[in-house]
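Here's a quick tour of a single protein chain. Take a look at the sequence and the fold, then read on.

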Amino acid sequence: MIPGSCLCGKIQYELSGEPVNAVMCFCNNCRKTTGSLGMANSWYTKQNFKFTKGADDIRTYEDHATDSGATVERSFCPNCGSPLVAMNAKYPDLVIVTYGTMELGEGQTWKPGMEFFCKRKIEWLGTPAETRKFHEL
Ligand SMILES: [Zn+2]
Ligand SMILES: [Zn+2]
């Protein structure tokens, strides 16, 4: 079990089981929504994700203008603004959970298996050689 929360702690969740995938996405919208180089996240099945606090408070932005063309529902804490989870209409059974909000314990780590939109990745950023890299999605 991996717990997670936003910056202010108003929204909390729990992950169980293994993620389906671990991804870094460098698309324009993931950069905008994080304010950073891209988004690092793990994909969990819906049954392996649950909110433990603040589920009714979470706000969702429907992102229609994605690079991939798929609608992405991006959910965030209305108090501190942390992006927590996203749902991609292309993968309705999965919850995309932001790496930065996971509270990994001692000895637990996170590593991407795939990278999307590498064409938008900043030139100097090094990532593991063995990830499957996609020019787009
Ligand atoms: Zn918060
Ligand atoms: Zn993206």
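In which sense do strand E3 and strand E10 pair, and over how many bridges?

## The E3–E10 pairing

Keep in mind that this is a predicted model. Strand E3, covering residues 21–25, runs parallel to strand E10, residues 114–116, and three bridges link the two. Across that pairing, Val23 sits opposite Met114 in E10.

## The sheet around it

E3 and E10 belong to an open sheet of eight strands, ordered E6-E7-E8-E9-E4-E3-E10-E11, with mixed pairing. At the edges you'll find strand E6 (59–63) and strand E11 (132–133), each of which pairs on one side only. In general, strands of a sheet pair through backbone hydrogen bonds, either parallel or antiparallel.

## The chain as a whole

Zooming out, the chain has one helix and eleven strands. Along the sequence they come as β-β-β-α-β-β-β-β-β-β-β-β. The radius of gyration is 14 Å, close to the 14 Å that the globule rule gives for 137 residues, so the chain is as compact as a globular protein of that length.

The C-alpha atoms fill a box of roughly 40 × 35 × 25 Å along the principal axes. Buried residues account for 30% of the 137 in the chain. As for contacts between residues at least 6 apart in sequence, 54% join residues at least 24 apart.

## What the record says

An unreviewed UniProt entry lists residues 2–111 as "domain: CENP-V/GFA". Over that stretch the chain is 6% helix and 42% strand, and its end C-alpha atoms are 15 Å apart.

Technical notes:
Residues are numbered from 1 along each chain as its sequence is written. Chains are lettered from A and ligands numbered from 1 in the order in which they are written. This is a predicted model: local features need pLDDT of at least 70, side-chain atom pairs count only at pLDDT 80 or more; totals for chains, interfaces and linings use all residues. UniProt positions are given in the numbering used here, feature names are shortened, and annotations may be inferred rather than shown by experiment. Helices (H or I, at least four residues) and strands (E, at least two) are DSSP runs, numbered from the N terminus. The radius of gyration is taken over C-alpha atoms; the globule rule is 2.2 Å times the number of residues to the power 0.38. A residue is buried if 20 or more other C-beta atoms lie within 10 Å of its own, exposed if 12 or fewer, and partly exposed in between; C-beta atoms are placed from the backbone. Two residues are in contact if their C-beta atoms, placed from the backbone, lie within 7 Å. Two strands pair if DSSP finds at least two bridges between them.
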